[in-house]
Amino acid sequence: FGSRPDPKRGARPHPAANRHRPTCPAMGLSVLPLLLLTSRLASAAARQQPQALPPLDSCESPACKAGDSFSLLQHSGRRASSASEFPIGKLAGKVAGAGKDEDEESPAMQDVKAAFEAIDADGRGLAAAPGKGFPPGYSKGMMPYTEHFQGIQRRKNFIYVSGSGETAGKGQIFVFDMASRPEAGVMTETDHLDSNEADKLVHVVEFDPEFWHAGGFSIYGKYLAVGAEKGCAATDRMMDACQHGSRVHFFDLSNPRKPKQLSYTVDRPTATAGAVALTREADGRYLLMVGGVDSATLDFYRSTEKTLKSDPGFEQFATWSKQALLVSPGVSAAYTSYQTMNFVNQKDGKIFLVGTTRTAHGLGVDMADLFEVDNSQPDSVTLKKVADKHLKCLQGSCNMAAGAGAFVNSPTELFIYATDWEPIQERYVLINEFHSSA
């Protein structure tokens with residue numbers, strides 16, 4: 001955790017390299033060793049004293065003015081590699097058609113499990129520029145973080161990232177217009193970090209000064225749902241010593257650049273809201289899932305109305321605990337701490353959840369797990385783990401204990417996006433895209 005892209009990243013490291021990464025049991029790690037480890041890593045990082053990166057929108061050097069490219073790693077105090085160069089050039093043209101008021105549906109998939117299993121385990125890297133409007137605070141440079149990215153979602157060629165705005169004292173949603181990328185399909189085919197100056201932050205939404213610790217979130221159609229908890233110290237959060245209490249907020253993305261906060265919330269005065277999932281059931285009502293601490297407990301709500309434009313009247317009807325997990329034969333029974341969980345619908349009416357995490361409290365490996373959801377009973381829900389996948393980001397460019405999320409590209413294609421805890425040297429937001437290898 002906290003490492004940055006390898007300067008020798010011309011080819012992917014052999015998968016066996018991950019076997020030598022120091023890990024610890026997911027449920028057996030005490031807080032003290034973690035803090036000692038992060039302290040040592042922070043000291044080592046401080047000794048490197050990397051040079052500051054120039055603003056992405058500046059072009060003062062002779063190389064830049066000549067139209068050359070520069071390497072991210074040259075500015076991090078390491079030897080550069082052409083495989084990780086970030087091109088500098090004129091802004092690309094904007095993609096037309098943004099901001100249309102569309103149908104409220106997200107596409108249903110033909111076979112969710114098959115699409116999940118077809119996702120390539122190796123991520124493709126993108127970079128977006130935070131720009132001058134990026135708020136302060138996201139520059140800790142080491143774990144444990146109190147102010148960091150929490151979740152990531154895609155809608156067309158926009159990327160949305162949630163953040164816990166400790167410095168601002170508000171929850172935050174960062175809107176990145178990936179203007180050089182297509183509205184549908186794969187955003188990058190390269191196996192190295194890929195950037196374009198047109199891909200940048202265009203807006204920051206700030207909300208809820210009382211509950212500023214925003215969590216993992218979901219987008220369904222043109223609606224975004226995100227939970228926000230009361231802030232507290234990182235060490236207290238690791239020990240589940242924070243004061244419980246949260247709200248779920250809803251936003252309209254009809255204008256993708258400027259999400260509009262809707263007037264209603266789901267209040268949870270005695271519970272947390274670390275992960276939020278949203279979808280629509282076959283009868284038109286909405287299904288909302290809100291995960292408590294580490295998503296060990298999931299609360300399920302169903303709307304009484306069939307619209308999200310106004311208060312849909314969410315009512316809690318079930319609570320699920322990880323002790324009740326069912327597991328398909330041949331699938332690992334591990335249920336870890338999920339930072340993000342997203343619903344995915346299948347055309348036959350089945351509903352699935354994709355959970356993303358990094359094992360061993362953020363020190364292990366990045367994983368995506370797939371659960372089949374049975375919500376057919378009026379007062380209970382069951383979850384069955386049907387698949388899991390070990391995902392590998394470009395080295396040091398993401399951590400799924402920070403932010404990740406699922407995206408349905410088409411009825412046959414399921415993507416996963418992931419980011420790191422914070423921008424690299426406050427200049428770039430790194431994004432990994434995992435898409436179908438078919």
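Predicted model: local features only at pLDDT ≥ 70, side-chain atom pairs only at ≥ 80, totals over all residues.
R358 counts as buried because its relative accessibility is 10%, and the cut-offs here are under 20% relative accessible area for buried, over 50% for exposed, and partly exposed in between, with a 1.4 Å probe and protein chains only. The side chain of R358 makes a polar contact with the side chain of D366 at 2.9 Å, and a polar atom of the R358 side chain also lies 3.2 Å from the backbone oxygen of C398. By a polar contact I mean a pair of N or O atoms within 3.5 Å, where within protein one must be able to donate a hydrogen and the other to accept it, and where residues adjacent in sequence count only if both atoms are side-chain atoms.

Residues are numbered from 1 along each chain as its sequence is written, and side-chain values use heavy atoms, with hydrogens and water left out.

Now to the chain as a whole. The protein chain has 5 helices and 23 strands, and of its 438 residues, 53% are buried. Its accessible surface comes to about 18,200 Å², with 50% of that belonging to carbon and sulfur atoms; these areas come from the Shrake-Rupley method with a 1.4 Å probe, and for residues only the protein chains shown count as cover.

Let me turn to one of the sheets. There is an open sheet of 5 strands in the order β16-β20-β19-β18-β17, with mixed pairing, and two strands are taken to pair if DSSP finds at least two bridges between them. At its edges are β16 (326-327) and β17 (340-345), each of which pairs on one side only. Within the sheet, β19 (residues 366-374) and β20 (residues 382-391) run antiparallel to each other over 9 bridges, and L370 stands opposite A387 in β20.

As for I416, once its neighbours within four places in sequence are set aside, its contacts include I119, V354, A368, L391, M400, E433 and F434.

Side chains of opposite charge can pair when their charged atoms come close. The structure holds 17 salt bridges, each defined as a side-chain nitrogen of Lys or Arg within 4 Å of a carboxyl oxygen of Asp or Glu. In one of them E433 pairs with R154, with the closest N and O atoms 3.9 Å apart, and this links distant parts of the chain, since E433 is in β23 (residues 429-434) and R154 in β4 (residues 149-155), 279 residues apart. Are these two partners buried or exposed? E433 counts as buried, because its relative accessibility is 0%, and R154 is buried as well, at 3%.

Two other pairs have partly exposed partners. D283 and R285 meet at 2.8 Å, N to O, with D283 partly exposed at 37% and R285 partly exposed at 29%. K350 and E372 meet at 3.9 Å; K350 lies in the loop between β17 and β18 and E372 in strand β19, so this pair ties together parts that are 22 residues apart in sequence. K350 is partly exposed at 39%, and E372 is partly exposed at 25%. Finally, salt bridges that share partners join D208, E210, R247 and D267 into one network.

How values were computed: Helix = DSSP H or I, 4+ residues; strand = E, 2+ residues; numbered from the N terminus. Contact = heavy atoms within 4.5 Å.
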